[in-house]
Amino acid sequence: MAAPAIDAELLRIRGLHKWYGDFHALRGVDLDVRPGERIVVCGPSGSGKSSLIRCINQLEDFEEGTITMRGSLLGASDRQKAATRQRIGMVFQSFNLFPHLTALENCTLGPVQAKGEAPAVARERAQALLQRVRIADQAHKYPGQLSGGQQQRVAIARALCMQPELMLFDEPTSALDPEMVKEVLDTMVALANDGMTMICVTHEMGFAREVADRVLFMDEGQILEAGAAQDVFERPQHERLKAFLGKLLR
Amino acid sequence: MPGSRRRRPEVLRHWLWQAVAFAVAAALIVLAFRATSANLSARGVASGFAFLEQVARVPVSNASIPFDPGVDSYGRALLVGIVNTIKVAAAAIVLATLLGVLVGAGKLALNPLVRAVCGLYVDVMRNVPVLLHIFVWYMVLLALPGPADALQLGDWLLLSNRGLFLPGWLLEDGHLVFALPHVDGLEIVAGTSMSPEYAALLVGITTYAAAFVAEIVRGAILAIPKGQWEAGYAVGLRRSVVFRKIAFPQAVRSALPPLTSEYLGIVKNSSLAVAIGYQDLVAVGNSMLFETGQAIEVMAIIVAFYIAVSLLVSFAMELVGRRAALAQR
Amino acid sequence: MTGFTASSSAPIAAHFVRVAVEAARPPPAIRTGRLERLSSALFASAPSAMLTLAFALVVGWASWHFARWALLDAVFAAGGDASVRCRAAEGVGACWPMLAEKWRLIVFGLYPYDAQWRPALACLLMVVILAVSAIPRFWRRWLAVVWLVGAGAVAVLLWGGIAGLAFVPSDAWGGLPVTVLLATIGLVSGFPLGVLLALARRSHAYPGIRAFAVAYIELVRAVPLVVVLYMASVMFPLLLPQDVTVAKLLRVQVAIALFAAAYLAEVIRGGLEAIPKGQGEAADAIGLGYWKKMAFVILPQALRIAIPGIVNTFISFFKATSIVVVVGIFDLLTAAKRALADPEWQGYGFEVYLFVGALYFAFCFSMSRYSHWLEGRLARDR
């Protein structure tokens with residue numbers, strides 16, 4: 001078996017352990033992510049799914065283990081963290097749009113302030129991205145004037161405006177009213193089809209089936225089962241996964 | 001139905017009670033008025049506001065607008081007082097806000113030394129009465145050397161027991177010149193001068209109020225949801241940029257009501273001028289009260305002034321608040 | 001511990017199952033020492049390091065000069081020639097013997113020297129009763145009895161004239177007891193009026209009363225305390241016939257109480273507004289009248305919520321009593337100024353103000369700590 005080419009991996013996590021005080025939240029997570037790969041993470045609440053992806057873009061610190069991106073370890077200083085986060089986009093469950101800025105300004109803040117881009121260039125790209133998520137006509141509205149689904153799509157555009165190599169989604173549809181879930185999922189499907197590498201924490205099984213290259217099942221801070229969406233959902237092997245799916249599909 | 005509710009006997013009873021209460025209050029006021037008038041006329045004190053046009057006999061120091069005792073009226077003296085009050089209150093509001101924002105941000109800094117020093121500042125300044133602040137600064141300023149040995153800080157600041165002197169516009173030989181302060185024999189010539197009384201009042205009020213502004217700012221920043229900070233970091237922004245562009249604009253909105261209270265407090269604290277001889281409105285009013293004996297009229301003017309200023313400041317802050325709210329929608 | 005690698009040669013759809021679930025273990029011990037962590041926080045980046053250096057320089061310079069003045073070059077020993085030695089050290093070192101000589105004048109004013117234990121005890125009594133009254137658990141009927149007995153005890157201690165205690169007129173009271181007295185009596189007597197004003201301001205049934213309450217509160221809050229004190233000391237006598245006089249301390253006390261009522265009213269109103277409407281509706285449904293509803297259902301809850309605000313108001317008024325110096329009432333700050341007026345001890349203002357400042361700080365800081373503790377307790381007991 002030929003050794004894997006290191007460059008082929010976008011992200012490599014080895015032996016990741018994280019504690020919140022005395023609580024052992026992540027217990028030895030190993031993961032490789034290749035460019036263009038779409039990964040869905042599922043599992044019961046408290047299983048560490050959010051902690052895992054928040055460690056990837058360094059919103060959380062971890063006590064043991066390594067994370068490397070394209071072969072180099074993620075740095076610990078504030079400047080290095082900011083540089084890492086410019087390459088990774090994140091979409092939050094509660095959108096976290098900046099209420100005092102318009103949709104367009106939400107998107108251009110990052111490129112202009114963090115990358116030093118010219119405002120006109122950033123605006124052009126932001127406009128194109130808002131077009132891509134089908135919300136270009138709301139560019140000059142404030143988040144308070146948009147629906148939940150519209151806000152989340154602006155949040156996706158905001159993350160894309162930084163031109164990231166990897167997109168992280170932390171339960172992006174869990175806080176939405178049911179009728180708005182579809183518009184956001186359609187946006188994410190389109191994004192996946194354009195080749196974006198993404199790690200998505202979600203309960204939406206239909207989305208996972210359609211888009212995911214791999215589905216990871218996590219519980220008690222570790223990956224217990226992983227494989228193709230079809231295998232994981234229809235032929236679960238681990239006891240916990242069977243129990244989880246049973247509760248979910250009832 | 002609303003119409004029938006109005007005719008219920010309860011409402012009539014309420015109005016009856018209120019009418020009785022007001023009748024009693026009115027009677028008391030009339031009695032007080034009659035007693036006061038009797039006392040005043042027994043002491044030979046005049047009534048009415050005509051005294052405002054009489055010539056004042058006592059000089060008013062620290063006059064910002066020209067005032068000539070023996071020539072100008074009491075009304076003008078009060079005007080001097082009003083201008084002085086506004087001078088110190090407006091300057092204190094601006095300076096206290098600037099200093100308060102810096103100290104408040106410092107209390108939230110990552111650097112432990114900065115945090116400790118700012119925390120110490122707030123705790124010490126807040127727990128000592130503002131009048132004590134003013135007395136201490138007045139004592140320090142009066143202990144400065146005389147004009148001949150005035151302390152010089154750079155080219156632009158001269159400190160002596162005659163006051164603080166800064167560069168400003170001067171009238172020299174009929175021309176308007178921008179000059180640095182300099183010593184001329186036993187005098188100091190400068191464009192901008194602050195008497196020790198004014199300086200002590202300003203510095204005392206400012207350092208005291210800045211501690212409260214710092215806590216208001218800190219509270220407003222801490223009230224911002226953590227998700228806002230995380231979203232800023234997730235887009236690759238540094239902590240200082242997230243603070244400037246995301247946290248601070250949102251904090252301003254929630255900080256406005258307590259800031260308004262604090263600004264009104266600054267205006268009220270300016271009245272402590274009377275304790276160190278700075279001629280603000282209360283100080284001028286006080287000496288006028290003793291000269292003319294027309295306590296009620298003078299007090300009424302002073303109270304009316306403070307109510308007017310209070311309404312003005314509240315209204316101005318309301319406008320600022322509306323502008324900030326529009327920006328967020 | 002098994003790993004999972006998606007090597008490029010392995011099929012993408014390789015299925016992985018972890019059989020043994022790893023158990024939790026305690027977090028690794030923190031290996032960086034506290035000093036190391038502190039220094040890394042101080043010098044984390046170039047701007048941070050510069051700030052640390054700048055602040056350290058300023059703090060070091062100020063502390064060094066203060067230590068030199070207060071300790072190294074200071075005069076400590078009392079004795080006959082202390083004033084001479086102090087003069088020699090003037091401007092360079094502190095004169096602590098002056099403080100040793102004057103501290104009782106500053107703290108107790110002109111109260112007879114041998115009887116100064118009486119105002120000291122009265123202060124202690126007032127502080128203790130106040131501290132206890134702020135805890136909702138003690139809001140029982142016997143608290144009112146404690147208040148009455150306490151008030152009587154304070155009056156007896158300060159005035160004397162009975163129980164073998166010499167009579168001391170209120171003109172002779174001064175210093176810290178006057179400050180504590182003005183603040184305590186002011187807030188305690190202003191409290192009932194404040195409650196009434198707060199209720200009046202929220203009254204829907206009596207718009208006239210509400211208008212009056214609004215006018216009173218807004219008027220009093222717009223005006224500085226100095227003006228109110230002048231009104232009390234100058235204008236109030238004009239209302240009375242020329243031969244009737246009321247002691248100045250009493251006039252000032254009443255003025256402070258009326259002033260405090262307006263501020264307390266706003267704090268209590270905040271507490272009232274935090275009570276859900278359902279509480280009032282439930283009380284109405286039981287058939288309680290307005291006053292019973294307020295006394296038994298609404299006010300106990302509202303006052304509980306308002307306690308931190310009320311304590312903060314007390315702290316503000318404790319500091320604000322220093323303003324009575326402008327109307328000639330002998331409080332702690334006035335005592336400081338009187339001490340400085342002694343020609344033999346001219347020029348030692350720094351020592352005196354430091355002492356008085358430390359006293360105010362001690363009181364106000366402990367009161368605010370108490371307020372925080374109370375807030376924590378109240379949140380827990382909910």
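Trainee: Which residues is C:Ser233 in contact with, leaving aside its neighbours within four places in sequence?
Mentor: Start with its place: C:Ser233 lies in helix 9 of chain C, residues 225–239. Helices here are DSSP runs of H or I with at least four residues, strands are E runs of at least two, and both are numbered from the N terminus. Contact means heavy atoms within 4.5 Å. With the close sequence neighbours set aside, the partners of C:Ser233 are C:Arg251 and C:Val327.

Trainee: What kind of model is this, and at what pLDDT do side-chain atom pairs count?
Mentor: Residues are numbered from 1 along each chain as its sequence is written, chains are lettered from A and ligands numbered from 1 in the order in which they are written, and side-chain values use heavy atoms, with hydrogens and water left out. The model is predicted, so totals for chains, interfaces and linings use all residues, local features need pLDDT of at least 70, and side-chain atom pairs count only at pLDDT 80 or more.

Trainee: Is C:Ser233 buried or exposed?
Mentor: Use the cut-offs: buried means under 20% relative accessible area, exposed over 50%, and partly exposed in between, with a 1.4 Å probe and protein chains only. C:Ser233 has a relative accessible area of 18%, so the residue counts as buried.

Trainee: Which residues does A:Ala8 touch, not counting those up to four places away in sequence?
Mentor: A:Ala8 sits in the segment before strand 1 (11–20) of chain A. A:Ala8 is partly exposed, because its relative accessible area is 28%. The C-alpha atom of A:Val33, 25 residues away along the chain, is 8.9 Å from that of A:Ala8. The residues touched by A:Ala8 are A:Arg34 and A:Pro35.

Trainee: How many helices and strands are there in chain A?
Mentor: Look at the extent of the chain: its C-alpha trace spans about 50 × 45 × 40 Å along the principal axes. Of its 250 residues, 61% count as buried. The tally for chain A is 9 helices and 10 strands.

Trainee: What radius of gyration does chain A have?
Mentor: The radius is taken over C-alpha atoms, and the globule rule is 2.2 Å times the number of residues to the power 0.38. With 250 residues, a compact globule would be near 18 Å. Chain A agrees with that, having 18 Å.

Trainee: Which residues of chain A and chain B form a salt bridge?
Mentor: A salt bridge is a side-chain nitrogen of Lys or Arg within 4 Å of a carboxyl oxygen of Asp or Glu. The count between chain A and chain B is 1. Its closest N and O atoms are 2.5 Å apart, and the pair is A:Arg54 and B:Glu230.

Trainee: Which three residues supply 26% of the area that chain A buries against chain B?
Mentor: In this interface, 25 residues of chain A are in contact with 22 residues of chain B. Buried area is the accessible area (1.4 Å probe) that two parts lose on being put together, summed over both. Here that area is about 2000 Å², with 62% from carbon and sulfur atoms. The three residues of chain A, supplying more than any other three, are A:Phe98, A:His100 and A:Gln113.

Trainee: What area do chain B and chain C bury between them?
Mentor: The contact takes 47 residues from chain B and 50 residues from chain C. Carbon and sulfur atoms carry 76% of the area. The area buried between chain B and chain C is about 4200 Å².

Trainee: Which element gives the largest share of the side of chain B that touches chain C?
Mentor: Across this interface the rule finds 0 salt bridges. There are 7 residue pairs in polar contact, both residues at pLDDT 80 or more. Elements giving two or more residues to this side of chain B include helix 2 (9–42) and helix 10 (295–328). The largest share, 11 residues, comes from helix 2 of chain B.

Trainee: What is a polar contact here?
Mentor: Two conditions apply within protein: one atom must be able to donate a hydrogen and the other to accept it, and residues adjacent in sequence count only if both atoms are side-chain atoms. The contact itself is a pair of N or O atoms within 3.5 Å.
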